[in-house]
Amino acid sequence: MKISIMSITEAHAKPFHACLDSVAKEQKYLGQSAAPPIDKVASFVRENVQNDHPQFVAIDGERVVGWCDAIPHWADALKHRAGLGMGVISDYRGQGIGKQLLRACLEKAMTKGIRRIDLEVRADNEIAIALYEKFGFAHEGRKSLGLCHKGIYYEAIQMGLVFPDVP
Ligand SMILES: CC(C)(COP(=O)(O)OP(=O)(O)OC[C@H]1O[C@@H](n2cnc3c(N)ncnc32)[C@H](O)[C@@H]1OP(=O)(O)O)[C@@H](O)C(=O)NCCC(=O)NCCS
């Protein structure tokens, strides 16, 4: 299986929507339990492409099988910070795709002058936490009632990476 990692383009909007929807519908990891409507996702992608924001996708043929984005805050005093989001379709996990996506995204974020990456992760998501730790993310706090999946509340961990701490 040959997976390519590349910057997202507008042509990826539909398969990215399907990928996001698949991970969201697991209701274990993300804030959303389904992808937003396709027109919203398409305009999110368009804005990222137009502004050259870091957003990478993993491609298998015509499919988007994973993504990672680090979108800078819009407010002036927070523009040096980006919020990270990522996911890989379940069948494709554990093959190094997440690591490649995260590395590509962080490298680009650094070149764009972003100084700090923020994220929140469900406290029992050990695989994602191990991945973030590997890239130097620090544990910065815990939020009780951080996420509610299928009616059950989970703690969330806040993690942050301050450049230039990327290996
Ligand atoms: C977190 C996620 C993006 C990682 O992507 P992936 O392609 O599976 O990860 P990789 O194969 O690149 O592995 C990266 C690291 O994750 C950890 N990891 C991966 N699979 C693991 C497993 N089965 N058990 C324990 N750790 C594991 C390891 O630290 C691994 O690094 P290593 O290969 O050097 O040991 C993916 O598991 C995923 O999509 N999860 C659901 C969505 C999600 O959690 N998104 C993040 C929300 S904050």
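Predicted model: local features only at pLDDT ≥ 70, side-chain atom pairs only at ≥ 80, totals over all residues.
Biologist: Good. Where is Gln27 found?
Modeller: In the loop between α1 and α2. Helices (H or I, at least four residues) and strands (E, at least two) are DSSP runs, numbered from the N terminus. Gln27 also has a positive phi of about 50°, although it is not a glycine.

Biologist: What is Lys108 in contact with?
Modeller: Asp52 again, along with Ser7, His53, Pro54 and Phe56, leaving aside neighbours within four places in sequence. Contact means heavy atoms within 4.5 Å.

Biologist: And is Lys108 buried or exposed?
Modeller: Lys108 is buried, with a relative accessible area of 15%. The residue is found in helix α3.

Biologist: Let's turn to the sheet. What order do the strands take?
Modeller: The order is β1-β2-β3-β4-β5-β7-β6, in an open sheet of seven strands with mixed pairing. Two strands pair if DSSP finds at least two bridges between them.

Biologist: Which strands stand at the edges?
Modeller: β1 (4-7) and β6 (138-149); each has a single partner strand, so one side of each is left without a neighbour in the sheet. From one strand to the next, the twist averages 25°. Axes here are lines fitted to C-alpha atoms, for helices over the stretch in contact, and angles run from 0 to 180 degrees between N-to-C directions.

Biologist: How do β2 and β3 pair?
Modeller: In the antiparallel sense, over six bridges. In that pair, Phe56 has Cys68 in β3 as its bridge partner. The two strands form a hairpin with two residues between them, and Gly61 in the turn has a positive phi of about 65°.

Biologist: How many residues of β3 are buried?
Modeller: Eight of its 10, so β3 is mostly covered. β3 (residues 63-72) also pairs with β4 (residues 81-88), antiparallel, over seven bridges. Ile71 stands opposite Gly83 there, and Gly66 has Val88 as its partner in β4.

Biologist: What does Gly83 stand opposite in β5?
Modeller: Asp118. Three bridges join β4 to β5 (residues 116-122), and those strands run parallel. On its other pairing, β5 meets β7 (residues 152-162) in the antiparallel sense over seven bridges, with Ile157 in β7 as the bridge partner of Val121.

Biologist: Now the helices. Which strands does α1 touch?
Modeller: Helix α1 (residues 13-24) packs on the sheet against β2 (55-60), β3 and β4, with its direction at about 90° to that of β3. Helix α4 (residues 126-134) packs on the sheet too, touching β4, β5, β6 and β7, and its direction makes about 160° with that of β5.

Biologist: Which residues of α1 meet α2?
Modeller: Ala13, Lys14, Phe16, His17 and Leu20 in α1 meet Ile38, Val41, Ala42, Phe44 and Val45 in α2. The axes of α1 and α2 (residues 38-50) come within 9 Å and cross at roughly 115°.

Biologist: Is Cys19 buried or exposed?
Modeller: Cys19 is buried, with a relative accessible area of 0%. Cys148, at 42% relative accessibility, counts as partly exposed.

Note on methods: Residues numbered from 1 in each chain as written. Heavy atoms only, no water. Buried < 20%, exposed > 50% of the residue type's maximum accessible area, 1.4 Å probe, protein only.
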